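Work through the exercises below with the sequence and the model at hand. Each task is followed by a solution in steps.

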Amino acid sequence: MGHVLDTATHTASIEWAEVYAACRLHLGGISYARFIEAPEEVLNCLGMHDALEIMAAGFLPLLPAQAKVRQEIDDPKPVPKVSTARFDHKKTILRATGVRALSKLMSRAS
């Protein structure tokens, strides 16, 4: 589910310095010089594709760390299956305090 920022209709009216500041990209280690080279690409890569819409509604966009988490939730990576082949379940013994005493009591009761 890849979202993409589309600024084709209103690119000329965007104040990119305001977008950079509102997105607090400096917190994510993105310099303004890097951002201004390709602002749409930077926002898309960081999962902040809706930053302009959020700002237009009068709110601040997600922090870079929040956008990263949202990106991970929206586009989950497959989790590798853990193999249990390395465990020999027949040799696995569960030992707990008092188990021996309990087993002796149970054999006497029967």
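This is a predicted model: local features need pLDDT of at least 70, side-chain atom pairs count only at pLDDT 80 or more; totals for chains, interfaces and linings use all residues.

Residues are numbered from 1 along each chain as its sequence is written, and side-chain values use heavy atoms, with hydrogens and water left out.

**Exercise 1. Describe the secondary structure and the surface of the protein.**

Step 1. Take helices (H or I, at least four residues) and strands (E, at least two) as DSSP runs, numbered from the N terminus. The protein has 6 helices and 0 strands, in the order α-α-α-α-α-α from the N terminus.

Step 2. Compute accessible areas by the Shrake-Rupley method with a 1.4 Å probe; for residues, only the protein chains shown count as cover. The accessible surface is about 8700 Å², and carbon and sulfur atoms hold 61% of it.

Step 3. Classify residues as buried (under 20% relative accessible area), exposed (over 50%) or partly exposed (in between), with a 1.4 Å probe and protein chains only. Of the 110 residues, 24% are buried.

**Exercise 2. Find the largest nonpolar core and examine Cys23.**

Step 1. A nonpolar core is a set of buried Ala, Val, Leu, Ile, Met, Phe, Trp, Tyr and Cys residues joined through side-chain atoms within 4.5 Å. The largest one has 14 residues, and Trp16, Val19, Cys23, Leu25, Phe35, Leu43 and Met48 touch the most other members.

Step 2. Two or more residues come from each of helix 1 (16–23), helix 3 (39–45) and helix 4 (51–56). Helix 1 contributes the most, with 4 residues.

Step 3. Cys23 is buried because its relative accessibility is 0%. With contact meaning heavy atoms within 4.5 Å, and leaving aside neighbours within four places in sequence, Cys23 touches Leu43, Met48, Ala51, Pro61, Leu62 and Pro64.

**Exercise 3. Locate the salt bridges.**

Step 1. A salt bridge is a side-chain nitrogen of Lys or Arg within 4 Å of a carboxyl oxygen of Asp or Glu. The structure holds 2.

Step 2. Arg70 and Asp50 form one, with the closest N and O atoms 2.8 Å apart. Arg70 is in helix 5 (residues 64–74) and Asp50 in the loop between helix 3 and helix 4, 20 residues apart. Asp50 is buried because its relative accessibility is 15%, whereas Arg70, at 21%, is partly exposed.

Step 3. Glu41 and Arg34 form a salt bridge at 3.9 Å, N to O. Glu41 is partly exposed at 45%, and Arg34 is partly exposed at 33%.

**Exercise 4. Which non-glycine residue, Arg24 or another, has a positive phi of about 50°?**

Step 1. Arg24 has this angle.

Step 2. Arg24 sits in the loop between helix 1 and helix 2 (32–37) and is buried, with a relative accessible area of 16%.
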